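This briefing concerns one protein model. Please look at the sequence and the structure before reading the points that follow.

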Amino acid sequence: MSLPIGLAPFANQSRAAHAGVLVGGALACLIGYVGAAGLLFELGALDHGAPDGPRRVASAVASLACWGFYAAAFARGRGGPVTDASLYPVTTVALVPTAFRWVAFGPAWDAYRDRIALFLFRPELFVDAAALILPGVAFAVGLLAVWAARLDESAIDAWQREHLSAEFRREFVEE
């Protein structure tokens with residue numbers, strides 16, 4: 001069974017470099033999350049029983065840092081063309097803040113059981129998801145738009161030839 005083309009990494013990239021992108025994205029997310037909480041509130045604002053507002057602000061900053069990192073990795077041809085744009089940042093912002101809270105304050109089993117039991121009836125879950133994803137998506141799209149606007153057609157073609165595999169170009173780029 002082979003890896004789907006959409007999940008394939010950029011061309012000419014070692015596994016260590018690819019893993020470095022994942023670690024870097026997780027660190028950017030963690031630094032944004034903990035840094036925002038520490039600078040704007042206090043670290044205790046991330047505790048499970050604390051009000052939601054400070055945690056959502058820290059989550060939005062973590063989202064900006066994470067998606068910004070993956071957008072920069074995309075422009076440099078590190079990671080993967082599809083994974084940097086969606087899979088890695090969504091997974092990172094979903095796991096890193098939760099993992100940090102579990103390590104720092106212990107697991108909140110009751111909260112997770114309640115969230116799973118009443119998932120469709122809890123609008124605050126959608127607010128949390130929006131705080132984790134929307135700011136970062138907007139930031140990443142903006143960064144990539146500015147980057148792409150600075151390139152002319154020949155530079156775009158050269159970037160594609162250098163960083164995208166022949167199979168990926170054939171499947172997704174060429175008309």
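A72 lies in helix α2; helices are DSSP runs (H or I, at least four residues), numbered from the N terminus. The model is predicted: local features need pLDDT of at least 70, side-chain atom pairs count only at pLDDT 80 or more, and totals for chains, interfaces and linings use all residues. Residues are numbered from 1 along each chain as its sequence is written, and side-chain values use heavy atoms, leaving out hydrogens and water.

**Two residues**
- A72 has a relative accessible area of 41%, so A72 is partly exposed (buried is under 20%, exposed over 50%, partly exposed in between, with a 1.4 Å probe and protein chains only).
- The C-alpha atoms of A72 and G6 are separated by 19 Å, and the two residues are 66 residues apart along the chain.
- V82 belongs to the loop between α2 and α3 and is partly exposed, at 30% relative accessibility.
- V82 and L7 are 6.3 Å apart in space, C-alpha to C-alpha, although 75 residues apart in sequence.
- Apart from neighbours within four places in sequence, V82 is in contact (heavy atoms within 4.5 Å) with G6, L87 and F168.

**Contact of α2 with α3**
- Residues of α2, including W67 and Y70, meet residues of α3, among them Y88 and P89.

**Confidence**
- The protein averages a pLDDT (the predictor's confidence in each residue, from 0 to 100) of 87, and 91% of the residues score at least 70.
- Mean confidence is highest in helix α1 (residues 15-40), at 95, and lowest in helix α4 (residues 109-117), at 63.
- Where pLDDT is low, the predicted coordinates should not be read in detail.

Definitions and conventions
Helices (H or I, at least four residues) and strands (E, at least two) are DSSP runs, numbered from the N terminus.
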